[in-house]
Structures are given as C-alpha cells and as structure tokens.
Amino acid sequence: MPEVKKLSDGIFEVVKDKKQLATKNLDPGKTVYGEKLIPVEGIEYRTWDPRRSKLGAMVLKKFNIPLKEDSKVLYLGAASGTTVSHVSDIVSEGEVYAVEFAPRSMRDLIGLASRRKNIHPILADAGKPDSYSHLVEPVDIIFQDVAQPNQAEIAARNAVRFLKKDGYLLLSIKARSIDTAANPKEVFKEVVRKLEHAFEPGFEILNAKDLKPYHEDHLGVLAKLR
C-alpha cells in the first residue's frame, strides 16, 4: 500500500517505490499530461512532475505555498493547463482564472475546463489586465509564469487590479526572457528590486530561490502585498 504524507493544504507526497509529489484528482480516472494515477484508500492521487511545473518545483524547494481549498487564484501564463490542473485539484472549492495568450494552448485549456468547473479560461494578454477585468473577481493569490521581459511590471499591474489586501504573489522569473546575455543572478536581483518598489505600497518578498535542478535559470518568488 502506498504511503501518503500531507505537505500542505491539498499537496501530498505519495511513496510508491519512490517519493512523488501529488494532488488529489478532482477529475477521477482522467489524466492531463500523462501523469500517473495512484489510488490510496479510496482516494485517487495524481503525480505532479516538478520538471514540468514551476509551482511543483517551488513546493519541493520548500516554499510555503498559501493555496487553500477555497482560494481564488489568478493564473497568468496558463499554457495548456499542466500546472493549472494541479491548482484546480488543490482549490477544489475555489476558482482558477487561467489567462493564456496563445490560441493553440487555449484550446487545450478549454477542454480541461469542460471537465473541471473551477477553471475559467481567459484568452488575453497578461500585460493588459483591463481587458479581462470584467471576468475576474478579487483573488487571494496570483501565480505568474509569463516569459516576457517585463515580468515584474505584469505582476504589479495584475496585483493592483485583482489581488486582495494581504494577498500573495507566486512568481516564476525566467532570466533568459529578460536578458539573454546578463548573469541570471543579476537579472533576478533587479526583478526582485522592481517588485519591492513596483507600486505603493509594493510587495514584501517572503522567499526567493533558484529552481534548480528542476528548471535552469529560473527564480521562484513568494511575495505578499504590504
């Protein structure tokens, strides 16, 4: 019988031959990206590959992930929904507003949302939050994985528009999307500085760690509105 250890709300470690990150499957019997399904005492867990998910990597890097069962989440850079599906599992009584710019990825996301009613796909540019402000309510958490040079500015614009007081930002910073030639550590330092002073009152940085070995030249950031 596999062993299950709770890491935080809705996030688990399942041990079956090896330790694997997992969430409870909100859509039993169905996979999203070829992940394994592991039943344990009547509950089906979906393995969560941290090499395909910045958020999964942040969990394994010991970030305090503030997601709760009833959290409302704005997910920027949803792609085809790999990580979105795990967020959907975790916030089973909440909502996930999933913003994606690419029509091809949006088709996959719409298919996922047809089976998971807490996912709301939005085809839009994350840098233009006014264009989807009529579709998104105030949220507890923003998760951003957008490979754009102005990642800090995008986070700030969306936080001002949608993040509740004392809300959290989880951000994956891709150094090569900002400057292909600069030292990633210097890029990360500058983005963190921008987050702290992006607007009044700005973000308080709670944690910032390199996401190696799961993702090269990526920094994970956990921040909170001041």
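The model is predicted, so local features need pLDDT of at least 70, side-chain atom pairs count only at pLDDT 80 or more, and totals for chains, interfaces and linings use all residues. Residues are numbered from 1 along each chain as its sequence is written, and side-chain values use heavy atoms, with hydrogens and water left out.

The chain has 6 helices and 12 strands. Helices (H or I, at least four residues) and strands (E, at least two) are DSSP runs, numbered from the N terminus. The radius of gyration is 17 Å, close to the 17 Å that the globule rule gives for 226 residues, so the chain is as compact as a globular protein of that length. This radius is taken over C-alpha atoms, and the globule rule is 2.2 Å times the number of residues to the power 0.38. Along the principal axes, the C-alpha atoms fill a box of roughly 50 × 35 × 35 Å.

Of the 226 residues, 50% are buried. Buried means under 20% relative accessible area, exposed over 50%, and partly exposed in between (1.4 Å probe, protein chains only). The chain exposes about 10,800 Å². Carbon and sulfur atoms supply 48% of that area. Accessible areas come from the Shrake-Rupley method with a 1.4 Å probe; for residues, only the protein chains shown count as cover. Among contacts with a separation of 6 or more, 57% join residues 24 or more positions apart. Contact means heavy atoms within 4.5 Å.

There are 36 positive and 32 negative side chains. Lys and Arg count as positive and Asp and Glu as negative, while His and the chain ends are not counted. The centres of the two sets lie 2 Å apart. Each charge is placed at NZ of Lys, CZ of Arg, CG of Asp or CD of Glu.

In α2, 9 of the 9 residues are buried, so the helix is largely enclosed by the rest of the structure. Among them are His-86 and Asp-89. Thr-83 also belongs to α2 and has 5% relative accessibility. Beyond its neighbours within four places in sequence, Thr-83 is in contact with Trp-48, Arg-52, Ser-53, Lys-54, Leu-55 and Tyr-75. Gly-81 itself is buried, at 0% relative accessibility.

Leu-109 and Leu-112 are buried residues of helix α3 (residues 103–113), as are Ser-105, Met-106 and Ala-113. These five cover an arc of only 115° around the axis, which puts them on the same side of α3. The arc is that of the directions from the helix axis to the C-beta atoms. Cover for this buried side includes α2, β7 (95–100) and β8 (119–123). The face turned away carries the exposed residues Pro-103 and Arg-107.

Strand β3 (residues 18–24) contains Gln-20 and Leu-21. Both are buried, Gln-20 with a relative accessible area of 13% and Leu-21 at 7% relative accessibility. Not counting residues up to four places away in sequence, Gln-20 touches Phe-12, Glu-13, Val-14, Lys-36, Ile-38 and Thr-47. On that basis, the contacts of Leu-21 include Leu-7, Ile-11, Phe-12, Thr-47 and Trp-48.
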